[in-house]
Amino acid sequence: LDVAGTINGESATGAGQFLTGNKDNLKTEGLQIQYTGTATGNVGSIQYTRGAAALMTDRLNSYTLTKTGVLSANDGSLQEQYDDFTSQIADFRARVSSKEQSIRAKFQVMEAAIQRSQAQGSQLSAMFAQQAKN
């Protein structure tokens, strides 16, 4: 016969001598108890303590869970910093490009002024040379 009963008041499924906490139980999901006695009713109590491996798994999960883990939070923070730096770089590049265009425009104006000055200098030199001949 299959053992039948509950564990800590939560439903459980019996299979032979084993009683297993049902899926979606808050406290006893997956907990398995072997009962070899013949008495019925409330037959005793069990003190359950989680082992070191289970505690380590919980600790590891607290760091690595995708949405709630500490490392995930750090990763999100790093992503925010990366996005912020990327935005700052884009802004800086735009300012540099604008400054470059401004400097290029001023340089072109300066070159045109130098060409005009050189042309005027050539004209003055020609005039002085002409006057010196006369």
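Residues are numbered from 1 along each chain as its sequence is written. In this predicted model, local features need pLDDT of at least 70 and side-chain atom pairs count only at pLDDT 80 or more, whereas totals for chains, interfaces and linings use all residues, and side-chain values use heavy atoms, with hydrogens and water left out.

Four strands and two helices make up the secondary structure of the chain, in the order β-β-β-β-α-α along the sequence. Helices (H or I, at least four residues) and strands (E, at least two) are DSSP runs, numbered from the N terminus.

The C-alpha atoms occupy a box of roughly 140 × 25 × 20 Å along the principal axes. The radius of gyration is 43 Å, while a compact globule of 134 residues would have one near 14 Å; the radius is taken over C-alpha atoms, and the globule rule is 2.2 Å times the number of residues to the power 0.38. Among contacts with a separation of 6 or more, 4% join residues 24 or more positions apart, a contact being heavy atoms within 4.5 Å.

Of the 134 residues, 8% count as buried, where buried means under 20% relative accessible area, exposed over 50%, and partly exposed in between (1.4 Å probe, protein chains only). Helix α2 spans residues 70-133 and contains Gln-120, which counts as exposed because its relative accessibility is 51%. The C-alpha atom of Gln-120 is separated by 21 Å from that of Asn-134, 14 residues apart along the chain.

Two loop residues other than glycine have positive phi values. Asn-8, in the loop between β1 and β2 (10-15), has phi near 55° and is exposed, with a relative accessible area of 60%. Asp-24, in the loop between β3 (18-21) and β4, has phi near 75° and is exposed at 67% relative accessibility.

The largest pocket has a volume of about 740 Å³. A pocket is an open set of points on a 1 Å grid over the protein atoms alone, where a 1.4 Å probe fits, with protein on both sides within 12 Å along at least five of seven lines; lining residues have an atom within 4 Å of a point. Its lining comprises 28 residues, with Thr-6, Leu-19, Ile-33, Gly-44 and Ile-46 nearest the centre. The elements giving two or more residues to this lining are β1 (6-7) and β4 (32-34).

Notes: Points joined across faces, edges and corners; volume = space filled by probe spheres on them.
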